[in-house]
Structure formats: structure tokens, C-alpha cells
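Trainee: I would like to learn how to read a model like this one. Can we go feature by feature?

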Amino acid sequence: MPELTERMGASALQDALSRDLRADRWRPGERLPTERDLGARYGVARNTVRRALDALEQQGLIQRHVGRGTFRAEPPPAAPAAMEESLSPSDVVECRLIFEPEMISLAVARADQADIARMGECLRGTDEAADLAAFERWDAALHDALAAGTHNGAVIAMSRSLARVRERTDWGQLKARGNTAEHRAVLQAQHHAMVEAVRRRDRAEARRVMREHILFVQDYMFGD
């Protein structure tokens, strides 16, 4: 990673370190450079480094130990497969209805330009998907990108645990009920509206569209 010579604030330093952490610049459990070294590398004072590290610790990306240093946090443990197998698709959609509107609200507040670029890539994938399987892959990737935009390890782990239910046969059979051109058009309009709300930093609109989106999915998967 090239050294940055321009001075930057704690927020900009936090974004730079967050990108490096998510790109595996340091492996889980690996020690990061000292505050002094980070300050020298990025051209900032040590109190600026501390503020950035405080925020990264709150997001669960790093762990700090007095006298030992700062370490890349281990990823949260995956939910037991047996528990995921026991979750019904209807239970998962109800949980998403509670969870994801607040998840996207946090993404609005925290997503950086790299996160938003990834969301745009996923939108293009769903726009261009030739079949249901491809659409589902990009749809899942978009929701994962929204979770990643929260920069919160617990939120990301919970979102990915719920998403694994989408890989089951019973979910696919229910989702196939809604595989019509009309439904796809509605879903895509909602996807675009969600990402646009993130770009505009509009938390209320992001919550509203996400709730509308999941209610729509719930209706065509389980409605009469």
C-alpha cells in the first residue's frame, strides 16, 4: 500500500484502514502497525490515529489489547448449520423484515465509495441476469454488499447466516413462484431505489424502500 503524504482526518483515515482490513491487508489475528507507525505512514497525529482506531474497534474490525497492540479481529463464527437448516423460509423473511430496514439505515450512515461501487456492480448483475439463478446470485450479493456497508461485524454475520437459507431447495421453489417479468421489474426498481437512497444518504427513504421490498417478496412467496 503506498504511503499517503497528504494529511487526513480521523474519518478519512478510518475509511482507508477499513478498506485495507476488508481487503485482507492484514490477516485475522495479525498485528497492525503501532499508532506511531500508522501516524507516520498516513501523515497524521497520534490522537487522529486513536480516534480512527476507536471507530474501527466499535465496528468489530480490530481488537486492541493494552500492552500488546492492535490486531485484525477474527471473523464472527458462522451460525451452526443445523440451526440454519431448521429455519423456515417464512421465519427468515419475517426476520429480514425486522432486521434489514435498520441494516440499510446503518449502511446509509457508514458506507464508503468502495461499498457503493460494489452495490452498483451488483445492480448491473441483476439488470443483466439471463435467468432466475443468476438473478438470485446477484440479488443475494446486493444484500450482502448492503450488510458490508454497515462496517459492523455482527450485522454482516447475521445477514450472511440468514442469506444461507436462500441456497436451500425449498427457498428456490418458493422464489420460482415469483419469477415473472412483472415481479422482476418491481424487484429491480426497488433495488435501484435502495442503492440510490444509500448514495443520497437518505436513511428514511432507505428504510422505507427496504421494508416495501421485503413485504413484496413475502407476498409473492407466501401469499395466496
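Trainee: Is Cys95 buried, partly exposed or exposed, and what is its relative accessible area?

Mentor: Bear in mind that this is a predicted model. Cys95 has a relative accessible area of 23%, so it counts as partly exposed. The cut-off for buried is under 20%.

Trainee: And Cys122, buried or exposed?

Mentor: Cys122 is buried, because its relative accessibility is 0%.

Trainee: How many disulfides are there?

Mentor: The general idea comes first. A disulfide is a covalent bond between the sulfur atoms of two cysteines. The test is a pair of cysteine sulfur atoms within 2.5 Å. By that rule, the count here is 0 disulfides.

Trainee: Let us step back to the overall fold. What pattern does the protein chain follow?

Mentor: Along the sequence it reads α-α-α-β-β-α-α-α-α-α-α-α-α. That is 11 helices and 2 strands. The protein chain has 224 residues, and 46% of them count as buried. Now take contacts between residues at least 6 apart in sequence: 75% of these join residues at least 24 apart.

Trainee: Show me such a case at residue level. Where does Leu21 lie?

Mentor: Leu21 sits in helix H1. Its relative accessible area is 0%, so Leu21 is buried. Leaving out residues up to four places away in sequence, Leu21 touches Trp26, Leu32, Leu56, Leu61, Ile62 and Arg72. Look at Leu61: it is 40 residues from Leu21 along the chain, yet their C-alpha atoms are separated by 7.2 Å.

Trainee: Which residues does Gln14 touch?

Mentor: Gln14 is also placed in helix H1, which spans residues 10-22. With the same exclusion of residues up to four places away in sequence, Gln14 touches Ala52, Ala55, Leu56 and Gln59. Gln14 counts as buried because its relative accessible area is 18%.

Trainee: How do I read helix packing?

Mentor: Two packed helices are described by the angle between their axes and the distance between the axes. Take helix H5 (residues 89-110) and helix H11 (residues 203-222): the angle is about 165°, and the axes are 8 Å apart. H5 is therefore roughly antiparallel to H11, since angles over 145 degrees count that way. The crossing of H5 and H11 is right-handed. By class, their contact has 13 nonpolar, 3 polar and 7 charged residues.

Trainee: At what angle do helix H6 and helix H10 pack?

Mentor: H6 (residues 113-128) and H10 (residues 181-199) pack at about 170°, with axes 11 Å apart. So this pair is roughly antiparallel. H6 and H10 make a left-handed crossing. On the H6 side, the contact is made by Ile116, Met119, Gly120, Leu123, Thr126 and Asp127. H10 supplies Gln188, His191, His192, Val195, Val198 and Arg199. By class, that contact has 5 nonpolar, 5 polar and 2 charged residues.

Trainee: Now backbone angles. What is the phi of His151?

Mentor: The phi of His151 is positive, about 55°, although the residue is not a glycine. His151 lies in the loop between helix H7 (132-148) and helix H8 (153-163). Its relative accessible area of 3% makes His151 buried.

Trainee: And where is Arg201 placed?

Mentor: Arg201 is in the loop between H10 and H11. Its phi is near 60°, again positive in a residue other than glycine. Arg201 has 36% relative accessibility, so it counts as partly exposed.

Methods:
Residues numbered from 1 in each chain as written. Predicted model: local features only at pLDDT ≥ 70, side-chain atom pairs only at ≥ 80, totals over all residues. Heavy atoms only, no water. Buried < 20%, exposed > 50% of the residue type's maximum accessible area, 1.4 Å probe, protein only. Helix = DSSP H or I, 4+ residues; strand = E, 2+ residues; numbered from the N terminus. Contact = heavy atoms within 4.5 Å. Axes fitted to C-alpha atoms, helices over the stretch in contact; angles between N-to-C directions. Parallel < 35°, antiparallel > 145°, perpendicular 65-115°, else oblique. Left-handed = near helix turned anticlockwise from the far one by under 90°. Nonpolar A, V, L, I, M, F, W, Y, C, P; charged D, E, K, R; others polar.
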